[in-house]
Number of protein chains: 6
Amino acid sequence: MSTIRPPANPEADPRVKAVFDDIRATRRTDFVNNLWRALAFDPTLLESTWAEVKRVMATPGAIDPLTREMVYIAVSVANGCGYCVHSHTAAARAKGMSAAQHAELLSVIALAAKTNQLVTALQVPLDDAFDAAR
Amino acid sequence: MSTIRPPANPEADPRVKAVFDDIRATRRTDFVNNLWRALAFDPTLLESTWAEVKRVMATPGAIDPLTREMVYIAVSVANGCGYCVHSHTAAARAKGMSAAQHAELLSVIALAAKTNQLVTALQVPLDDAFDAAR
Amino acid sequence: MSTIRPPANPEADPRVKAVFDDIRATRRTDFVNNLWRALAFDPTLLESTWAEVKRVMATPGAIDPLTREMVYIAVSVANGCGYCVHSHTAAARAKGMSAAQHAELLSVIALAAKTNQLVTALQVPLDDAFDAAR
Amino acid sequence: MSTIRPPANPEADPRVKAVFDDIRATRRTDFVNNLWRALAFDPTLLESTWAEVKRVMATPGAIDPLTREMVYIAVSVANGCGYCVHSHTAAARAKGMSAAQHAELLSVIALAAKTNQLVTALQVPLDDAFDAAR
Amino acid sequence: MSTIRPPANPEADPRVKAVFDDIRATRRTDFVNNLWRALAFDPTLLESTWAEVKRVMATPGAIDPLTREMVYIAVSVANGCGYCVHSHTAAARAKGMSAAQHAELLSVIALAAKTNQLVTALQVPLDDAFDAAR
Amino acid sequence: MSTIRPPANPEADPRVKAVFDDIRATRRTDFVNNLWRALAFDPTLLESTWAEVKRVMATPGAIDPLTREMVYIAVSVANGCGYCVHSHTAAARAKGMSAAQHAELLSVIALAAKTNQLVTALQVPLDDAFDAAR
């Protein structure tokens, strides 16, 4: 089920086809997952979303690609987005995440959520030492 | 302000002192931040929380320490815990996070939150390819 | 699946029947969606919830009905409630939301979630100019 | 307090100055709020964030500007971002939001959060009628 | 700071005065906390919010008053509402919550948040045994 | 669907078997629900998670077992974890939660989420009276 009806033949629209082709070329696979098929209902939204994903996730930078995927998983878990957890866990595994790393990642995410609650429940005042703007 | 009154002299309790001493030794600093001073109101909670933080964050493993801190920041941002964002950004910087890495980390967190919303708003159905249990 | 067993014949209870009848009359449809069938396990909770939904969403006021639905979608997306996103997207469409408006709504929601993360990650101090209580 | 040290003289960097100038021109005010001053620590992040805010919030489209601000407020409240709630409430008021509209907006946000919880707690199964992909 | 300017003399409005008087009588104290003073900017919102708080929190029922406060704290912590955590921790203490109970409450909240993350990260399929609608 | 492939025969690993046996003994049932079967992919994570659940939820303390389950439900609802809501609602019912208590629990959770939004939207300043550290 979905809140929009995805276009039956999305690549009939040349703007959609251009994005799908770039997804396939960037990821070196024929597979275009359902998020992009859903976003095809609005080519402008599709284009801007893919442009940002490509720039932030598929461009060399100061953080390695696997770490970026682990951060993406962490945010998706915290926000409770099942689809996102699935797709980025698959992506992390494709980029080499081992079972041991997966288990450690889960331990860090779970611990962070736990201490987030303790801090919020106690309303801990900020230490001056943490102020970067001093 | 805080929801508990932290003990005036927490290290008078030998269980609290033992935890504080281990925090100082593990982190190689005399600084014990306010979270631990607040948790000192209940030595059992203090001990179990520190034991988990030490095991998950300060033990060598399959994920490097800086990546763990970046994941911790990501979860803390998603959960809106200002104190946690401050303390783990300071920890990541102490472990070598550059300004460029900080900016990229923020870009990944922000993008993940954005696509989380799009997926949830569209209620995108899961691709079979993402099922690890197939 | 559900955490309660909805009554097999909810309208046998006159309090439930009165609410269902009012839902049908207010919305000018025979369709009573599953939320109300689930809430029928406790007529008091059903009555108070419907009374508030009717007052806030189906009474003329200072904000037009479609805008209210778009705000409802935004909150439901941020809270990750799939059922709520589905039901209020259907309601917004019934009140005239176009595909272009739907796409723009998603762009605003996604951007807001993104900048929420940036602000929280940076712990931006409040500008005095924003204080309405000055 | 903040997790980064904002540049003391951000407009010494011509990329930052160009963004600040565009903010002032677009909003017709000399005031540049702290979010942009904080983002100036990374001109690339500053440029991409402002470009998206300008495109989504300050370009004529299918949803009127005040409605967009009310949606922005709703997401910011749900995500618990105090700074964002302050800045977008000020923006909504500048675009004409009356006290009556403000009160109604709060009523809708509060009701949505409430029914989100009821639906999640009951795990209400989706009605077939809500599937746009049928 | 606040997003609305609270009325300088709220009880000059007889509807506001009636609510404040009922708060004082119900809680047997002269103290009216800031939430109600802020809500006074819209007497209708003030009346409906207080009516629900009084009905749900201050009326004898199937759950004892202290348990209700502990549930309220748990939701407020999960939603990151600092003011709410403060006010309901004070209320729970006034209803007899001991330091030991407070520490246990924090342990349950923290554990729940932790396992919530694990379940979401693993996308654990639902056991048939949990379906109350079978 | 799941993000990990659960072991086909988890109890072939003696560490997993020991945890499953303790779950069965502690809960006095042969049923081991899917969360534990999923966590079996990493025996260390399984052991530490069960140890904490057993200590926090199945050890006599200052808060009665049913109240702990109700708090667990509240956090799980606020975090939008459907599996967790299902499993802990079943657990609460097994510990005696009546339909009337269930309905009241939902009323408290829903009200808390509602007032959390109002407080955040209004950015209500903290009353001095709530500071436990005074």
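Reply:

**Core and contact**

The largest nonpolar core holds 288 residues, and those with the most contacts inside it are W36(A), W36(B), W36(C), W36(D), W36(E) and W36(F). Such a core is a set of buried Ala, Val, Leu, Ile, Met, Phe, Trp, Tyr and Cys residues joined through side-chain atoms within 4.5 Å, where buried means under 20% relative accessible area (1.4 Å probe, protein chains only).

This is a predicted model: local features need pLDDT of at least 70, side-chain atom pairs count only at pLDDT 80 or more, and totals for chains, interfaces and linings use all residues. Residues are numbered from 1 along each chain as its sequence is written, chains are lettered from A and ligands numbered from 1 in the order in which they are written, and side-chain values use heavy atoms, leaving out hydrogens and water.

The part examined here is the contact (heavy atoms within 4.5 Å) between chain D and chain B, which takes eight residues from chain D and 10 residues from chain B. T3(D), F41(D) and L45(D) supply 57% of the area that chain D buries against chain B, more than any other three residues. The area buried between the two chains is about 770 Å², with 61% given by carbon and sulfur atoms; buried area is the accessible area (1.4 Å probe) lost by two parts on being put together, summed over both.

One salt bridge is counted between chain D and chain B, a term for a side-chain nitrogen of Lys or Arg within 4 Å of a carboxyl oxygen of Asp or Glu. The side chains of K114(B) and E52(D) form a salt bridge at 2.7 Å, N to O.

Technical notes:
Buried means under 20% relative accessible area, exposed over 50%, partly exposed in between (1.4 Å probe, protein chains only).
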